[in-house]
Amino acid sequence: MYKITLLPGDGIGPEVIASAKEVLSALPIEWEFIECGIGYGEYERSGSPLPDSTLAQIRNSDATLFGAVTTPPNIPNYFSPVVRMRQALDLYANLRPTRSIPHSSSRANIDMVIVRENTEGLYSGIERVEDDGERAITERVITRKGSERIIRKAFDLARQTGRKSVHVVHKANVLRQTCGLFRTVALEIAKEYPDIIMNEMLVDTCAMELVRAPEQFEIIVTTNLFGDILSDEACMFVGGLGIASSGNIGADAAVFEPVHGSAPPLVGTGKANPIAMLLATAMMLDHIGENNHAVKLRSAIEACIANNETTPDLGGTLTTNQVTEKVIARL
Ligand SMILES: NC(=O)c1ccc[n+]([C@@H]2O[C@H](COP(=O)([O-])OP(=O)(O)OC[C@H]3O[C@@H](n4cnc5c(N)ncnc54)[C@H](O)[C@@H]3O)[C@@H](O)[C@H]2O)c1
């Protein structure tokens, strides 16, 4: 029996989480689901967008599925529950798979994972304003420990998934200290993996190469901001936000989520595509060791897409619930 925390959140979050729960329940696996609050609705209920009880429950689970949250207009004391959750649980690795789908909007032969450092870099949260607001400074913190664990994660993932190469993406020619350290650590760690080819690429070149020939990449590992931007760029080659999923992995917890937000205009319309959430669910199945079911779930999803059993964002006419039912039928 696996203990899974469900974080529906706001907007279409509860709709796509319901889809994931139905699909998991259709598998021959025993689950215990525990729902916890996160987001703006939770803030209105309890005074916090991420109560301590939610964090404790995530720590106490085999894995967590997260829907989406709405960012409210400026409220003092409000904080991003997503950023806080990643920091509080030290979810240092953000994995963003990008894989071709059988659909006209998708380019062919793409099967890469962008491995993004999730806790430091330019998102370390160290910012200040000086000279009466005339100068604003954000510090970029890169540590040896942070670099080592994310780079090792990328090389391990390459081995586990039978990939042959890792692109280490940085800007060490200009950011000599921070990217320099990241690069130095990468060169050291690559020596431990003689079976995997390490390629280096500057981040601006990588942005161009992703557009020119995305199929050349198997695994990209990079720092926080670069990974944030490159992974959004990459998902547009294979169907966009309705199918983009991610996993946030730490030593003691793992949270899987669609990349999209709470999409307020879609709430209650049945137009929310559940596939991003379901692909995140497949990542979760891999994480807990149920790899066969992950493969079956991905195949069922791809068969639905190939047969136009999709929501309107992918050109279909089905609702969120109908797509969920089709995926289950194909399982
Ligand atoms: N991780 C998160 O929870 C997260 C991520 C991004 C944005 N947000 C929040 O979500 C709210 C809305 O933000 P936004 O509009 O910029 O981004 P969004 O991702 O909610 O929507 C962007 C566009 O994609 C479409 N879209 C999103 N998910 C879809 C799905 N499953 N199926 C079909 N179409 C989908 C939307 O209709 C919209 O056109 C904001 O409050 C924002 O802060 C949250």
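Biologist: At what angle do helix α10 and helix α11 pack, and how far apart are their axes?

Modeller: Two packed helices are described by the angle between their axes and by the distance between those axes. Here helix α10 (residues 291-306) packs against helix α11 (residues 320-330) at about 120°, and their axes are 8 Å apart. Axes are lines fitted to C-alpha atoms, for helices over the stretch in contact, and angles run from 0 to 180 degrees between N-to-C directions. Helices (H or I, at least four residues) and strands (E, at least two) are DSSP runs, numbered from the N terminus. This is a predicted model, in which local features need pLDDT of at least 70 and side-chain atom pairs count only at pLDDT 80 or more, while totals for chains, interfaces and linings use all residues. Residues are numbered from 1 along each chain as its sequence is written.

Biologist: How are α10 and α11 oriented to each other, and which residues meet?

Modeller: The two helices α10 and α11 are therefore oblique to each other; angles under 35 degrees count as roughly parallel, over 145 as roughly antiparallel, 65 to 115 as roughly perpendicular and the rest as oblique. From α10, A300, I301, A303 and C304 meet V323, K326, V327 and R330 of α11; residues are in contact if their C-beta atoms, placed from the backbone, lie within 7 Å. The residues of this contact comprise 6 nonpolar, no polar and 2 charged. Ala, Val, Leu, Ile, Met, Phe, Trp, Tyr, Cys and Pro count as nonpolar, Asp, Glu, Lys and Arg as charged, and the others, Gly among them, as polar.

Biologist: At what angle do α7 and α8 pack?

Modeller: Helix α7 (residues 203-212) and α8 pack at about 10°, with axes 10 Å apart, and that makes α7 roughly parallel to α8. V203, C206, A207 and L210 in α7 meet F226, L230, E233 and A234 in α8. This contact has 7 nonpolar, no polar and 1 charged residues.

Biologist: Where do the axes of α1 and α9 cross in terms of angle, and what residues make the contact?

Modeller: Helix α1 (residues 13-25) and helix α9 (residues 275-287) have axes that come within 9 Å and cross at roughly 45°. The pair α1 and α9 is therefore oblique. V16, I17, S19, A20, V23 and L24 of α1 make the contact with M277, L278 and T281 of α9. By class, the residues of that contact are 7 nonpolar, 2 polar and no charged.

Biologist: In what order do the strands form the open sheet?

Modeller: Strands of a sheet pair through backbone hydrogen bonds, either parallel or antiparallel. Here 10 strands form an open sheet of mixed pairing, in the order β2-β1-β3-β12-β11-β4-β5-β10-β8-β9; two strands pair if DSSP finds at least two bridges between them. At the edges stand β2 (31-35) and β9 (197-202), each with a single partner strand, so one side of each lacks a neighbour in the sheet. The twist from one strand to the next averages 25°. Within the sheet, β5 (residues 111-117) and β10 (residues 219-222) run parallel, joined by 4 bridges, and V115 stands opposite V221 in β10. Helix α8 (residues 224-235) packs on the sheet, touching β4 (93-99), β5, β8 (165-170) and β10, and its direction makes about 155° with that of β5.

Biologist: How many residues lie between β6 and β7 in the hairpin?

Modeller: The hairpin has 4 residues between β6 and β7, and D131 in the turn has a positive phi of about 50°. Strands β6 (residues 127-130) and β7 (residues 135-138) run antiparallel and are joined by 4 bridges, with E130 opposite R135 in β7.

Definitions and conventions. Contact = placed C-beta atoms within 7 Å.
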